[in-house]
Amino acid sequence: MARLLPGLLHAVRAWRALATRHPATLLDVLEEELTGLPEALRDTWWHRYAQAVTALTPLDPARVLGLLDRHGPSRLPYGLRAHLPALAAADPRRVLRLLLTPAWSGVAGVHRLGRTALYRLTRTDSPELVAYGRTRLPYGDFPRLLRALPPARRHALYTAVREGRGAAEAAVDTGLLEALPRRHAIQEARETAARARERGAPAITVLTAESFLPVAEVRDRLLAATGRPDAEDRSRAWSLLIGNAARSGDPAAVTAVLRDMARLRNEQDPVRAAALRALAGTRAALLSEESAEHLDRVVTDAVEARDCSAGTRRPLISLALAVLAEHAATGPRALVDWSLRSLVRLSESTGRVELGRLDRTLRRGQERLVFEALRPWLQACAAKGDHRPVLAFAESAGRRAQDMTDLQELLWRAFRDGDVTAASGALLAWLQPVRTRDERVARVLAHDPSAADLPVVWRLLARRRTDLLGVLLADTPPHGRFLPEGRQLTVWVEAADVRRWVPRQQARLLRSLSARAADTSLPSHERAEAVTEAAGVPDGGADVARRWAASPDVEIAEAALAALARTDRAAEVLPELLAHAGGDRARVAVYAATQASRHVPPSRLAGHLRDVLRAPDAKVTSRKEAVRLAAARLPGPQAAALVTDVYARPGAHPDVRAACVASAGALLEHEEVWELLHDAAAGAPVLRTAVLRVLPLDLPEAHRARYARLVRSVAATDDTATALSAFRALARWTPWAAEAPGVLVEALTDLSNRETWHCAASALTEAASGSPHGLAGLVDALRTLAGSSADEDDDAGEGRDRPARQRVVALVEQLGGSGLGTVAARRPAALAAAELLGGYDAYAAQAAGLAAACADLAAVPPRLDRVTALAGPGRPALAARVADTVRERLESRGEAADPGALLAEAVALADHGGPAEGLMAVAVTGALGGREDWPPPWRALLRTLRRHPVADVRDAALEETTAYE
């Protein structure tokens with residue numbers, strides 16, 4: 001395996017099986033392949049082999065994580081996101097480090113990590129955890145990160161994350177205060193309230209912070225706020241008052257708030273709903289026996305209100321269920337009685353059961369208490385013919401409904417007495433219990449045979465109770481309540497189920513389906529479905545499909561041909577399918593033959609394919625598919641001989657020859673195939689395009705250099721369309737063809753070439769990111785174009801205007817961000833181009849802009865002085881544009897940056913005294929100072945910049961604001 005796999009890696013598709021049996025070998029080969037690729041091709045590699053890496057991750061997460069760290073893609077593959085818990089368990093610190101990179105930005109948010117991954121990442125304190133917390137603080141998901149830690153560690157992490165940052169804004173982060181331990185939350189709330197009051201924040205904002213203080217300190221102010229004239233303020237105040245009592249952990253405080261809620265009797269529904277939502281979020285353990293009386297009044301007031309809405313009822317139901325779950329076993333009986341009484345009252349008030357998922361909110365067995373409380377009402381509804389409440393309760397109980405005998409009896413009653421809709425729903429729930437399902441379906445058929453028309457019934461008959469199939473297969477349909485007179489029994493039986501039937505039943509099904517297919521009163525699509533279903537029946541299905549394959553009805557004939565490949569005689573029908581290769585049904589028959597060919601030995605398949613390729617009347621598409629099948633299904637020597645024979649045949653259609661070229665990539669071990677490719681590279685445009693369609697990763701490493709030379713030869717063409725395709729392909733093959741960039745440079749620097757230079761420029765920037773000789777070619781092209789004197793002759797002309805400059809600008813735009821690949825892959829080429837262009841006064845703007853767009857802001861030091869030096873003196877507008885570019889990058893979420901290094905860099909730029917350096921310092925200060933909540937060092941630097949000797953710098957610094965009034 002270790003010897004053969006490197007040469008076969010490009011052809012593997014069954015990654016899971018290979019990873020399970022040979023994980024270490026597969027990882028070794030994948031790592032060797034990826035390590036040898038240039039950075040520009042890494043994304044392509046990851047796109048191709050993401051499934052392989054995903055299959056290996058549970059088996060060796062540490063090695064996969066190392067692969068992602070050293071040679072990762074520009075974006076984490078989607079399949080690997082499900083394995084974040086395994087990666088976090090292998091090395092949490094490394095995962096935290098990777099979460100800070102742009103490639104992992106798609107999963108960097110705490111809400112995207114999942115609970116398991118989050119707990120594993122936070123199991124130990126580390127500098128990486130602090131760094132990750134710093135990045136999440138501005139985006140609001142830091143509180144969830146805190147909640148993943150034990151309470152004893154939360155304040156320490158919060159302090160470490162806040163260290164070095166300025167005071168937060170006046171806004172109150174309630175999620176953060178909820179996550180902190182009580183004593184630390186109180187201290188933070190005091191500081192937040194004082195800061196909000198000092199900055200003139202609205203009174204409700206101050207109250208929000210104060211609601212985290214002890215009850216004795218703030219209760220009177222919160223209670224007074226519930227009487228404000230504005231309804232929205234009252235809503236907020238009630239939520240804060242109830243939340244304050246709940247956070248205290250004191251049952252007496254909660255009871256006092258319940259007593260105060262008597263004031264909600266005449267309130268508007270939005271205010272009442274907000275208060276009840278807050279009450280539903282209170283821990284049920286804080287409710288005492290004294291609370292039952294007040295809770296009763298709250299429910300009564302809400303139900304009797306004329307404007308009572310679903311937004312009011314849902315919190316009450318949630319609260320009642322929470323109380324039942326908490327107190328049913330050992331709690332006060334008064335609370336349990338209130339809970340059951342409230343659920344009945346709320347259900348009766350609306351005529352609906354809206355209990356949510358009882359199997360997820362109640363402990364096992366407590367759903368029976370709810371049912372017993374609701375049973376009189378449910379029975380009364382059923383007696384009136386309304387079975388919807390019973391069905392809704394069964395759905396709420398979930399799987400627990402299967403063990404509730406009385407509920408099951410009500411479901412049977414709903415099936416027996418309800419209308420068709422209610423009966424169908426009841427039967428679906430009544431047949432859920434696995435242990436009794438087989439006996440119950442027999443009872444259903446005994447009561448009403450027409451129920452066999454329901455999917456839930458006929459699926460059970462087809463898969464489980466095959467002894468009862470007589471109802472389905474009878475010549476006379478079982479008409480009744482579910483199958484009215486005049487309608488045929490229509491079922492769809494899977495072929496896998498039919499194979500388990502006895503021959504007698506299979507024959508009856510086949511007879512029934514054949515009759516449906518022959519019934520001209522049915523629509524064509526129903527007859528075609530009958531033919532398709534019949535084809536899956538063993539010992540006879542293939543014959544039915546054969547008969548209908550000659551039908552004059554196109555839909556039925558094509559359905560029969562497609563179904564032939566799925567019969568139990570797929571190998572036998574292959575010649576019949578290929579016989580249609582020259583007819584109107586070739587579009588279906590040939591692709592069905594592709595499926596059938598999997599069951600045919602290669603020794604027989606070769607003859608069938610040869611017959612198709614030699615048939616004079618075979619359609620071009622049929623011959624192309626035959627060529628593809630030969631390359632995919634036949635042994636290598638036999639496939640190579642057949643493909644080259646078809647290609648060399650006189651009068652062969654160009655598209656068929658192109659199919660031979662496209663299929664040759666899997667047969668490169670045979671020299672005659674290379675001769676075919678060389679002929680195609682010098683042949684018609686359609687053949688050359690087929691040569692260019694092959695990608696480097698489609699071939700083994702041993703053949704890539706030779707194939708790259710082939711692509712290079714195709715690029716040397718005078719045909720414009722071929723040249724455009726060749727240039728795009730040549731960029732991908734540059735790492736294996738040192739002479740390839742020369743072709744692109746020649747096309748780009750030839751100023752008489754006005755057709756393909758755009759494509760050459762794009763390909764050259766891609767090549768420069770992928771190989772050293774590509775970078776050398778880019779530098780040569782820029783030097784030639786920047787030093788060209790042709791622009792002097794074509795300056796603002798009628799037909800042309802500085803053609804060399806336009807080519808330089810196009811290259812700069814490609815390198816700066818509009819080209820393919822990641823910024824990291826383009827960075828060496830971009831900085832080399834900026835350095836070169838900086839030596840030409842006419843290209844100072846391009847040089848500075850390119851350096852600003854591609855400078856490594858995460859480097860230590862970031863060397864922004866080089867960027868400002870390229871802008872040069874005497875260009876204030878350029879200096880401002882360059883500074884804005886850097887600021888936009890620093891303010892983006894995906895840009896990694898070291899605040900400490902950038903602070904030192906900004907201080908040095910400010911001390912320089914130049915205008916470009918000063919504007920850059922302002923840009924860095926505005927971006928990082930705002931991100932860090934303006935700590936003292938950044939504010940001191942801003943004060944320095946406001947006293948800068950250059951007026952433009954002073955003006956820019958004065959536009960920054962550290963604290964708003």
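Author: We will take a few helices and residues in turn. This is a predicted model, where local features need pLDDT of at least 70, side-chain atom pairs count only at pLDDT 80 or more, and totals for chains, interfaces and linings use all residues. Residues are numbered from 1 along each chain as its sequence is written, and side-chain values use heavy atoms, with hydrogens and water left out.

Reader: What counts as a helix?

Author: Helices (H or I, at least four residues) and strands (E, at least two) are DSSP runs, numbered from the N terminus. Take helix α18, residues 231–248.

Reader: How far apart should the end C-alpha atoms of α18 be?

Author: The expected span is 1.5 Å times one less than the number of residues. The 18 residues of α18 should span 26 Å, and its end C-alpha atoms are 26 Å apart, which agrees.

Reader: What sits at the start of α18?

Author: Look for a polar contact: a pair of N or O atoms within 3.5 Å; within protein, one must be able to donate a hydrogen and the other to accept it, and residues adjacent in sequence count only if both atoms are side-chain atoms. Here a side-chain oxygen of Asp230 comes within 3.2 Å of the backbone nitrogen of Glu232. After α18 comes Gly249, with a positive phi near 75°.

Reader: Which residues of α18 are buried?

Author: Buried means under 20% relative accessible area, exposed over 50%, partly exposed in between (1.4 Å probe, protein chains only). In α18 the buried ones include Arg234, Trp238, Leu241 and Ala245. An α-helix has 3.6 residues a turn, so residues three or four places apart point the same way.

Reader: What do the buried residues of α18 pack against?

Author: Contact means heavy atoms within 4.5 Å. The partners are α16, α17, α19 and α20.

Reader: Why is helix α53 called largely enclosed?

Author: Count its buried residues. They make up 9 of the 11 in α53 (844–854), so the rest of the structure largely encloses this helix. Among them are Gln846, Leu850 and Cys854.

Reader: What about single residues? Is Ala557 buried or exposed?

Author: Ala557, in helix α36 (554–564), is buried, at a relative accessible area of 0%. Leaving out residues up to four places away in sequence, Ala557 touches Trp548, Ala549, Ser551 and Arg585. Arg585 is 28 residues away along the chain, yet the two C-alpha atoms are 8.3 Å apart.

Reader: And is Glu33 buried or exposed?

Author: Glu33 belongs to helix α3 (23–35). Glu33 is buried, with a relative accessible area of 14%. Its contacts beyond four places in sequence are Leu9, Trp45, Tyr49, Leu697 and Arg704.
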